[in-house]
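Please keep the sequence and the 3D view open while reading.

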Amino acid sequence: MSSPDPSRPQIQRILVVGAGAMGSQIAMVFALAGHDVTLQDVIESGLTRAGAQLADRMGAAVAKGRMSQACAEEALGRLSFSTDLDQAASTADFVIEAATEKLEIKQQIFAALDRAVPAHAILATNSSTYGSSKVASVTSRPERVCNVHFFNPALVMKCVEVVRHPQTSQETIDVVMELVRTIGKQPVLLNQEVPGFVANRLMGVLRDEALNLYSSGVASIEDIDAAAKTALGHPMGPFELMDLVGLDVNCMIAQATYEETGDPADLPHPIMQKMYESGRLGRKSGMGWYNYETTR
Ligand code: 3HC
């Protein structure tokens, strides 16, 4: 194994902005890999919930014999929580933003981060809908900005897409690819921004075909999911996956993709949109394509 290049910035202190399902698990992934991590959110109760959920997850991993109690405690001890973005950013070597998928909010965060972080810090967004050029443009360091896109659930899924924009420097890409490897993930590099990146584009094709087959009465939700799992070897069927990711997130991604491409084929599928509008968001609301009320 090659030793780290001493001329490259070393990444120890991580800031994760946004304590939702993605941000909190991303923070835990870095803490488990030995980094000092701050999880920041403007909503204090979101931080408390994230802390409790992560402690439960680590407890379950210990109970299953997946890790030692000491390892879990050390990792949780490397994790701190803050509502103060400026203070949390002031010592960060690497920041990953996992806030709401609203460009205006992300741009506000990036402008604030750019003012607060040290000069060497790299700023990344976990967004799957916005290429990082859209947030790099509000910073004074576009060469140190890129997308670093984790998958749900981030503690489990190995893939992390790293997407460069035209001004991202090669050094930034080298540092980020190495960082992703050292946290035990598989980096997938995209050399240009393309709506949906790689994995969501692949997932979107399967999902829309599943929705077409179901809405035209060819097969049931359960049987389409069964085919994806038992014929294709997918861990979940497309309907189960929509419920895991959330119908709201699926619709938002499709809508944002359409806004980029202008191609009506990229619009949210009408029956997916209908589910979203009726409040059936999947696991998070207790009801999606499947009923989770009894399993919550
Ligand atoms: N959070 C953290 N860990 C979880 C979890 C969650 N929500 N759900 C399950 N796990 C862990 C379990 O603790 C277990 O860990 P262990 O192996 O250490 O015991 C492991 O995952 C397996 O869990 P289960 O045995 O309970 O269940 P499964 O074997 O069915 O696995 C799954 C669950 C990992 C979610 C699996 O079904 C899977 O890989 N599904 C596909 C997920 C996927 O495709 N994600 C990508 C979504 S797209 C996306 O995120 C892009 C974004 O832009 C929208």
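In this predicted model, helix α10 supplies three residues to the shell around the ligand, the largest share.

**Ligand surroundings**
- The shell divides into 11 nonpolar, five polar and three charged residues, and of these 19 residues Q25, K64, R66, H149 and N152 come nearest to the ligand.
- A polar atom in the side chain of K64 lies 2.7 Å from an oxygen atom of the ligand, while for H149 an N or O atom of the side chain is 2.8 Å from a ligand oxygen atom.
- The side chain of Q25 places an N or O atom 2.9 Å from a nitrogen atom of the ligand.
- Taken alone the ligand exposes 1,100 Å², of which the protein buries 66%.
- The elements giving two or more residues to this shell are α8 and α10.

**Helix α9**
- Within α9, which spans residues 221–230, the buried residues are I221, I224, D225 and A228; seen down the helix axis they fall within an arc of 100°, so they line one face of α9.
- Cover for these buried residues includes α8 (199–215) and α10 (238–245), whereas the face turned away from the buried side carries the exposed residues D223 and T230.

**H165**
- H165 sits in the loop between β7 (159–163) and α7 (170–182), and it counts as buried because its relative accessibility is 3%.
- A polar side-chain atom of H165 lies 2.9 Å from the backbone oxygen of P142.
- Leaving aside neighbours within four places in sequence, H165 is in contact with S132, S133, A136, P142, V145 and E193.

Technical notes:
Residues are numbered from 1 along each chain as its sequence is written. This is a predicted model: local features need pLDDT of at least 70, side-chain atom pairs count only at pLDDT 80 or more; totals for chains, interfaces and linings use all residues. Side-chain values use heavy atoms; hydrogens and water are left out. Buried means under 20% relative accessible area, exposed over 50%, partly exposed in between (1.4 Å probe, protein chains only). Helices (H or I, at least four residues) and strands (E, at least two) are DSSP runs, numbered from the N terminus. The arc is that of the directions from the helix axis to the C-beta atoms. Contact means heavy atoms within 4.5 Å. A polar contact is a pair of N or O atoms within 3.5 Å; within protein, one must be able to donate a hydrogen and the other to accept it, and residues adjacent in sequence count only if both atoms are side-chain atoms. A residue is near a molecule or strand if one of its heavy atoms lies within 4 Å of it. Accessible areas come from the Shrake-Rupley method with a 1.4 Å probe; for residues, only the protein chains shown count as cover. Ala, Val, Leu, Ile, Met, Phe, Trp, Tyr, Cys and Pro count as nonpolar, Asp, Glu, Lys and Arg as charged, and the others, Gly among them, as polar.
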